[in-house]
Amino acid sequence: QVQLVESGGGLVQAGGSLRLSCAASGRTFSTYLMGWFRQAPGKEREFVATISRSDGSTYYTNSVRGRFTISSDNVQNTVYLQMNSLKPEDTAVYYCATKRPEAVRYEYWGQGTQVTVSL
């Protein structure tokens, strides 16, 4: 089992920055993939970014590429999402998740942290 706890959400003005953290505990193997997802009110949950804990490779959805940066501290078992140049459309509950590389779907999820971007 893997437990994930997100933190760092809050209210920020458009153009501002936030850094989200996701602390992992339990069976946190170094080969696991870590991802950030978000869900805005009335919308489906969408993928934001992912990082491989084994080689550090990253991937972003187009709407955040160049503004958000995902990183991983494998010693602290923590994944970060640095969010810059925030826009009102980034408002959502942000979730971190993890899976084994061979798994089709993300297997473990955190409880989410609210990010609200005001005009």
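A polar contact is a pair of N or O atoms within 3.5 Å; within protein, one atom must be able to donate a hydrogen and the other to accept it, and residues adjacent in sequence count only if both atoms are side-chain atoms. All views show a predicted model.

**View 1. The side chain of T78 and the backbone oxygen of Q76.** A polar atom of the T78 side chain lies 3.1 Å from the backbone oxygen of Q76, a separation that falls within the 3.5 Å limit for a polar contact. T78 belongs to strand β8. The relative accessible area of T78 is 11%, so this residue counts as buried, the limit being under 20%. Beyond the residues up to four places away in sequence, T78 touches S21, C22 and A23, together with S71, S72 and D73.

**View 2. The hairpin of β7 and β8.** Strands β7 and β8 are paired in the antiparallel sense, with 6 bridges between them. S72 has V79 of β8 as its bridge partner. Between the two strands of this hairpin there are 4 residues, and N77 in the turn adopts a positive phi of about 50°. V75 also lies in the loop between β7 (68–73) and β8. With a relative accessibility of 72%, V75 is classed as exposed, because that class begins over 50%.

**View 3. The surroundings of T91.** When neighbours within four places in sequence are left aside, the contacts of T91 are A40, Q114, V115, T116 and V117.

**View 4. Strand β11 and the strands paired with it.** Strand β11 comprises residues 113–118. Its covered face presents T113, V115 and V117, whereas its uncovered face presents Q114, T116 and S118. Strand β2 (residues 10–13) runs parallel to β11 and is joined to it by 4 bridges; in this pairing V12 stands opposite V117. Strand β9 runs antiparallel to β11, with 3 bridges between them, and here A92 stands opposite V115. V115 and V117, which belong to the covered face, are also among the residues in contact with T91.

**View 5. Strand β4 with its partners β5 and β9.** Strand β4 (residues 33–39) is largely enclosed by the rest of the structure, because 5 of its 7 residues are buried. To strand β5 (residues 46–52) it is joined by 6 bridges, the two strands running antiparallel, and R38 stands opposite E46 of β5. The hairpin of β4 and β5 has 6 residues between the strands, and G42 takes a positive phi near 75°. The antiparallel pairing of β4 with β9 comprises 7 bridges, and in this pairing Q39 stands opposite V93 of β9.

**View 6. R19 in strand β3.** Strand β3 covers residues 18–26, R19 among them. The relative accessibility of R19 is 47%, so the residue counts as partly exposed; this class lies between the 20% and 50% limits. Apart from neighbours within four places in sequence, R19 is in contact with S7 and G8, and also with Y80, L81 and Q82. The C-alpha atoms of R19 and S54 are 22 Å apart in space, and the two residues are 35 apart in sequence.

**View 7. The largest cavity and its lining.** A search of the whole structure returns 1 cavity of 30 Å³ or more. The largest cavity holds about 30 Å³ of space. Its lining is formed by V2, L4, A24, T28, Y32, M34, R53 and T98. By residue class, this lining consists of 5 nonpolar, 2 polar and 1 charged residues.

Definitions and conventions: Residues numbered from 1 in each chain as written. Predicted model: local features only at pLDDT ≥ 70, side-chain atom pairs only at ≥ 80, totals over all residues. Heavy atoms only, no water. 1 Å grid on protein atoms, 1.4 Å probe; cavity = no way out; pocket = protein on both sides within 12 Å on 5 of 7 lines; lining within 4 Å. Points joined across faces, edges and corners; volume = space filled by probe spheres on them. Nonpolar A, V, L, I, M, F, W, Y, C, P; charged D, E, K, R; others polar. Contact = heavy atoms within 4.5 Å. Buried < 20%, exposed > 50% of the residue type's maximum accessible area, 1.4 Å probe, protein only. Pairing = 2+ DSSP bridges.
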